[in-house]
Amino acid sequence: MQLLDGKLLSENIKSELAAEVDQMVAKGAKRPHLAAVLVGENAASQVYVQSKIRSCEQVGFKSTLIRQEADITEAELLKIVDQLNQDPDVDGFIVQLPLPKHIDEERITLAIDHRKDVDGFHPINFGRMAQGLPAFLPATPYGILEILRRYNIETAGKHCVVVGRSNIVGTPMSILLSRKGYPGDCTVTLTHSRTKDLPGEVRRADIIVAAIGIPQFIKGDWVKDGAVVIDVGINRIEDASRKSGTRLVGDVDFEAVAPKCSHITPVPGGVGLMTVAALMMNTLKACKKEIYQ
Ligand code: NAD
């Protein structure tokens with residue numbers, strides 16, 4: 001079994017990006033600029049946004065963090081989105097999800113200019129991705145493609161089972177892995193909460209992508225020998241042996257699954273760090289106008 005080391009890969013990607021930014025700036029170009037909007041005090045969101053800002057510093061991007069109280073109105077948030085859309089210095093921006101219940105996340109996502117949508121959540125980017133056109137790919141699936149690519153994992157003709165059909169992970173992952181080319185050309189089964197005999201479906205997989213949000217959900221006897229396992233889940237569970245009283249686990253029962261598979265991503269240290277690296281790659285593409293003029 002080989003660990004798919006998201007920490008190492010994300011550090012490599014950030015070094016490559018930093019070298020490219022240095023070259024760009026030396027030639028007189030502006031630094032890529034990512035803005036992040038953080039609403040409220042959600043602890044996990046604060047950690048994610050801080051990690052994105054820290055990564056910007058590591059690669060030499062300019063970053064702007066816009067913090068707002070949880071009671072901001074939808075109209076006020078839409079105004080901030082509009083200002084970021086109009087600001088010529090901002091190449092890309094994200095509005096960290098989840099948002100407070102009184103704000104319609106879909107309306108906010110739709111208001112973001114798709115040319116600055118470096119999270120890849122806007123329906124224009126989603127549609128273009130589905131048709132194989134240049135698009136900002138959603139950051140988590142993009143990070144997973146990079147893991148497969150950088151570890152030279154064969155995908156053509158493989159049977160991939162994606163568990164979970166969210167708009168930001170499961171559904172785009174299923175589309176990307178079934179697209180023509182590498183990494184892709186898989187035969188994909190997209191499973192979800194209404195799937196009959198989920199263990200049976202997962203057992204047929206050469207590649208498993210687990211994005212459910214239930215700790216240690218995928219069990220050892222659901223996984224065929226030699227499968228490649230990508231664990232997207234980030235769940236905090238109680239652990240009395242830790243000083244903090246908690247620890248992070250994925251959606252896969254790592255202890256039981258790891259001995260059976262050929263490759264597996266750890267949690268933490270796997271997909272999460274690659275999501276941030278993918279966001280940085282998208283921001284550089286936005287600055288270089290690689291996707292849209
Ligand atoms: P979501 O809640 O939007 O979707 C979960 C999906 O799981 C749904 O499609 C649902 O049908 C499916 N599901 C729920 N219960 C099921 C069951 N019993 N059997 C089969 N399918 C079931 O979640 P999401 O946003 O896709 O996130 C999934 C997990 O990935 C969470 O733990 C989240 O924290 C994590 N996540 C990690 C990253 C990262 O960067 N590593 C990014 C996004 C999400």
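I began with E201, which counts as partly exposed at 22% relative accessibility (buried is under 20% relative accessible area, exposed over 50%, partly exposed in between, with a 1.4 Å probe and protein chains only). Its side chain meets that of R204 in a salt bridge at 2.7 Å, N to O (a side-chain nitrogen of Lys or Arg within 4 Å of a carboxyl oxygen of Asp or Glu). R204 is also partly exposed, at 46%.

Ground rules for these notes: the model is predicted, local features need pLDDT of at least 70, side-chain atom pairs count only at pLDDT 80 or more, and totals for chains, interfaces and linings use all residues. Residues are numbered from 1 along each chain as its sequence is written, and side-chain values use heavy atoms, with hydrogens and water left out.

**Salt bridges**

I searched the whole structure and found 14 salt bridges. Side chains of opposite charge can pair when their charged atoms come close.

I looked up K30 and D91, whose side chains meet in a salt bridge at 2.6 Å, N to O. The pair links distant parts of the chain, 61 residues apart: K30 is in the loop between α1 (6–26) and β2 (33–39), and D91 is in the loop between α3 and β4 (92–95). Helices (H or I, at least four residues) and strands (E, at least two) are DSSP runs, numbered from the N terminus. Buried or exposed, which is D91? D91 is buried, with a relative accessible area of 7%, while K30 is partly exposed at 32%.

I then checked R115 and D113, whose side chains form a salt bridge at 2.7 Å, N to O. R115 is partly exposed at 44%, and D113 counts as buried at 15%.

I also noted a network of salt bridges that links E16, E146, R149 and R150.

**Surface patches**

Which residues gather in a patch of negative charge on the surface? I listed E41, E69, D71 and E76. Patches are made of residues with over 30% relative accessible area and no salt bridge; like charges are joined within 9 Å, and nonpolar side chains (Val, Leu, Ile, Met, Phe, Trp, Tyr) within 5 Å. Lys and Arg count as positive and Asp and Glu as negative, with His and the chain ends not counted. The place of a charge is taken as NZ of Lys, CZ of Arg, CG of Asp or CD of Glu. E76 lies in helix α3 (residues 74–86) and is partly exposed, at 43%.

I found a nonpolar surface patch of about 260 Å², made by V47, Y48 and I234. Accessible areas come from the Shrake-Rupley method with a 1.4 Å probe; for residues, only the protein chains shown count as cover. V47 sits in helix α2 (residues 43–59) and counts as exposed at 54%.

**Domains and distances**

The domain assignment gives domain 1 (26–114) and domain 2 (139–273); such bounds come from an automatic or database domain assignment. I read 28 Å between the C-alpha centres of domain 1 and domain 2.

K288 is in the segment after α10 (271–287) and is partly exposed at 36%. I found K288 and V21 to be 267 residues apart in sequence and 10 Å apart in space, C-alpha to C-alpha.

Y182 is in the loop between α7 (170–178) and β6 (187–191), and is partly exposed at 41%. I read Y182 and Q96 as 86 residues apart in sequence and 30 Å apart in space, C-alpha to C-alpha.
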